[in-house]
Amino acid sequence: MSATSIVSLPDQSTATMPKRHYINNEHGLLSWLLTADHKRIAILYLISITFFFFIGGAFAGLIRLELLTPQSDLVAADTYNKFFTMHGIVMIFLFLVPSVPATLGNFLIPIMLGAKDLAFPKINLLSWYLYMIGGTLTLAALVLGGVDTGWTFTTPLSTHYLNTHVVTAATAIFVAGFSSIFTGLNFIVTIHRMRAPGMTWFRMPLFVWSHYAASLLMVLGTPVLAIAIVLVALERLIGIGVFDPTKGGDPLLFQHLFWFYSHPAVYIMILPGMGVISEVISTFSRKRVFGYSAVAFSSVAIALFGFFVWEHHMFIMGVSNYSALVFSLLTMLVAVPSAIKVFNWAFTLQKGSITFETPMLYAFAFIGLFTIGGLTGVFLGALGMDIHLTETYFIVAHFHYVMVGGMLMAFLAGIHFWWPKMTGRMYPESLSKLSAVTSFIGFNLTFMPQFILGYLGMPRRYASYPAEFQVLNVLSTAGATVLGVGFMLPLLYLGWSLKYGAIAGANPWQATGLEWQIQSPPLTENFIETPIMDHEAYDYEWLENKTKHEVTTVG
Amino acid sequence: MSHAHTDAHDPSNVTNPEHAEHHIVTPLQYVYVFVTLLVGTGITVGAAYVDMGVLNPIVALAIACFKASIVILFFMHAAYQSRLIKITIASGFFVFLVLIAMTMTDYLSRTWGLW
Amino acid sequence: MDSALTTPHTHEAHAHEHEHISLPQHRHHFETEEQQREAGSFGMWLFLLTEIMFFGGMFFAYLLYRNWYYPAFAAASNQLNVPMGATNTVILISSGFFMALGVWASEVRKKKTLVIMLLLTTIFGCAFLGVKYFEYKEKYELHHIPGNNFSIAMFVNPQNYPQYPDTYAEKPLAPDMAQKTQIFFFLYFAMTGMHALHMIIGIGLLVWLIIRAQRGDFTNGYVAPIENFGLYWHFVDIVWLFLFPLLYLINRHPLH
């Protein structure tokens, strides 16, 4: 049972849709809602996070519309507060955290490891239901009148001074948090216990490594957010608590607990994206990822260092100067593994046979934008600069460069890259290239002016601003419009391709991962026989030999 | 378990390298642990009424840690588990200590230089 | 284990290939029974890690405020009922002991013993909650439940409470420090309440396990649910092993 146990590759030009696959295996709505198949759950997640992405995006649009003029004229200031709060909560907890792990990770990790499913399929389904309950509660908070605490729930603002639906939103985040814990737990157990024979740790795709690191953060960080949120809710409901300075509590304790999760959470968001980029860069430069083990360990290092830096979100909040010094230095450490990744991707490209398919365009966008976002993060980690720049648009631009420019580009790269695998059909190449370029231009037009605005001192989270900032704000809003078009396009043409796209065949990119050696879309059981991994990850020679071998035997 | 099947499928135990033999703890061992826990409870209550100054909390927590350790090791079978499980348990306590220690850097030094 | 392995594994993808025999609860996506069992127990341990961090936040809050408001924490802590707390510790340790014996009974396939042990675990768990109820009730009567009805009377005027000798002997607290006892009681209720909530969930699961154990589900070699529930139950015990000294005991001789 060697590599021949893997389903043989159909030729791309003569590819036909397989008769039996996970999508047509069962029919009816219930077969989807009660499924335990990780691929179907990934599709459920994909549909739901896309829905919430556009909700969050709509609020982003409203924010930019309000900021078109210096006065707060579109909506009242407190409505504006609700807009950015909803934008933050929806985008962070309902889109970015589950985006790549719950869709692509869910779909691909078992296949990449040569397993039939995740370790706990029912818990996987439960995690989707928890996500949906969290999403529904968020929408409920929105419909009932909104929340205006900001996504950070800063105490005592959230506990004493606001009369909006904080408890509903807090419950939503608590529930969605458990969805994320269960996803992470499932991944860790699967990666430890379900690897196919021969799939050693250092033969796993880097996508799996980065998900492993992100899962550690999900499992260890999220419960601290949960308890912080529970205490906020209890303080509001019972009227007494540990975060109220008038009663002797310390509001900064909430900040510590909140950021103990929420800083690692940005690595939960970005690490899976980095995994996608490693796969895409390797495939389209037809080279093994340069310094495989360095990239693998840098994921784990980012996860580990991630727990030692959270206080840099609190430098201006009255924490100890000495402690701030320590955290500032530790923050610089995170730049090291991140830089290792960027340099290794660059070296992977060197002397590769690079082709510019859509996922690769998104990957290039990721590398450039993530580098800008990451480096401005180092500015913000430096104590002196932070005091000048924090709570300005500089910080908004910084994390949008990492989260939208980085994570969202990686998500789109991954969706395009694995779309043929998930649906069996190709997306329209020229249209998708257009949308990638549009997003890139729109993104930079939106957020580059915000770096300047922030540096000039425009504070974040205000509905109005001095008139001299208007030019840059208009540029930013114009960019947001272009960006919106760039994000709408994939929705339309990917939907179109479901029916009219060209048949993809098993391995349209000639990639090496196990997921490309089975039919697209895969069978419900993924593999007919348990595969045996007899080569290293990203071994293009192996793929070539295998393909040649098959040609000769068939011919 | 049919060993022939296991061998055929997983020659070098690659599917499950962290595998540990399953170990059954006998009731007598449980009784030892149970009695130790009861004695520990007795000592900790007794010690609370002896004035040892700063040592009181330290003694109480040391006994609690000891009791928790034997529950983890024997009631929860951690002593007989694979290295993976042991590392998992250790990492949980490690991250908990990171939370406490790193947050304490703020609280302990907040007033330094301010008086 | 061989004696019980009589049901042929009939999953279509495997059937043609080899004689794969397995228990009915064996899930198709695991290669071996052993792999499934170890995956389950590893998953449970990871879940317990999240529990450590969940309680960890509250333990940290306790550590912080005890250092900030030491006199209030000492006075409030000394008002707690040590005999009740100690009784509860013994009850909980016993419950854990029976749970451990339950795991053993399941491994050696003694159905009757298993059911009895699970019943004893449940009974002791309920007894713990019963004692907790009387403790909470006492706090309610003394207006020590944080909120609008909270009263600091007992801590500013301990001499009015001769029926509580521990408090009666204390020095009165200044009113502003006495206010901080509310933080102690909030943490007390948050931590013991969260612990009690875990016990209630555990008892719910126990009832379900007892019903299934009675059917003989766990004495045919399928130990995983009992074993994993045991891990959860022992974890809840461990939380109490720390809560008891921290909340009840360590302030009996406050430093002045």
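Let's start with a term: two residues are in contact if their C-beta atoms, placed from the backbone, lie within 7 Å. Keep that one in your head for chain B. Among contacts in chain B between residues at least 6 apart in sequence, 54% join residues at least 24 apart.

Before going on, a word on what we're looking at. This is a predicted model, where local features need pLDDT of at least 70, side-chain atom pairs count only at pLDDT 80 or more, and totals for chains, interfaces and linings use all residues. Residues are numbered from 1 along each chain as its sequence is written, while chains are lettered from A and ligands numbered from 1 in the order in which they are written.

Okay, chain B. It has four helices and zero strands, where helices (H or I, at least four residues) and strands (E, at least two) are DSSP runs, numbered from the N terminus. So along the sequence you read α-α-α-α. Chain B has 115 residues, and 29% of them count as buried. Buried here says that 20 or more other C-beta atoms lie within 10 Å of a residue's own; exposed is 12 or fewer, partly exposed is in between, and the C-beta atoms are placed from the backbone.

Now chain C. Here we get ten helices and zero strands. Of its 256 residues, 50% count as buried. Taking contacts in chain C between residues at least 6 apart in sequence, 72% join residues at least 24 apart.

How do B and C meet? The contact takes 45 residues from chain B and 43 residues from chain C. On the chain B side, α1 (3–9), α2 (27–48), α3 (55–75) and α4 (83–109) each supply at least two residues. For the classes, Ala, Val, Leu, Ile, Met, Phe, Trp, Tyr, Cys and Pro count as nonpolar, Asp, Glu, Lys and Arg as charged, and the others, Gly among them, as polar.

Chain C also touches chain A, with 33 residues from chain C and 33 residues from chain A. On the chain C side, the elements giving two or more residues are α2 (33–68) and α9 (181–214). α2(C) brings the largest share, 17 residues. That side of chain C divides into 19 nonpolar, eleven polar and three charged residues.

Stay with α2(C) for a moment. Which way does it run against α10(C), parallel or antiparallel? α2(C) and helix α10 (residues 224–249) of chain C pack at an angle of about 15 degrees, with their axes 10 Å apart. That makes α2(C) roughly parallel to α10(C). The axes are lines fitted to C-alpha atoms, for helices over the stretch in contact, and angles run from 0 to 180 degrees between N-to-C directions. Angles under 35 degrees count as roughly parallel, over 145 as roughly antiparallel, 65 to 115 as roughly perpendicular and the rest as oblique. If you want to find the contact on screen, look for C:W45 and C:F55 among the α2(C) residues, and C:Y232 and C:F235 among those of α10(C). By class, this contact has eleven nonpolar, three polar and three charged residues.

Over to chain A, for another helix pair. Helix α5 (residues 121–144) and helix α7 (residues 166–193) of chain A pack at about 160 degrees, with their axes 8 Å apart. That makes α5(A) roughly antiparallel to α7(A). Their contact has 16 nonpolar, nine polar and no charged residues. Just after α5(A), A:G145 takes a positive phi of about 140 degrees.

Next, helix α10 (residues 292–305) of chain A. With 14 residues, it reaches 20 Å from its first C-alpha to its last, close to the 20 Å expected at 1.5 Å a residue; the expected span is 1.5 Å times one less than the number of residues. Its buried residues include A:Y292, A:I302 and A:F305. The buried residues of α10(A) pack against α8 (206–238), α9 (251–285) and α11 (321–349) of chain A.

Last stop: A:F487, in helix α16 (residues 470–500) of chain A. Is A:F487 buried or exposed? A:F487 is buried, because 20 other C-beta atoms lie within 10 Å. Leaving aside neighbours within four places in sequence, A:F487 is in contact with A:G57 and A:S439.
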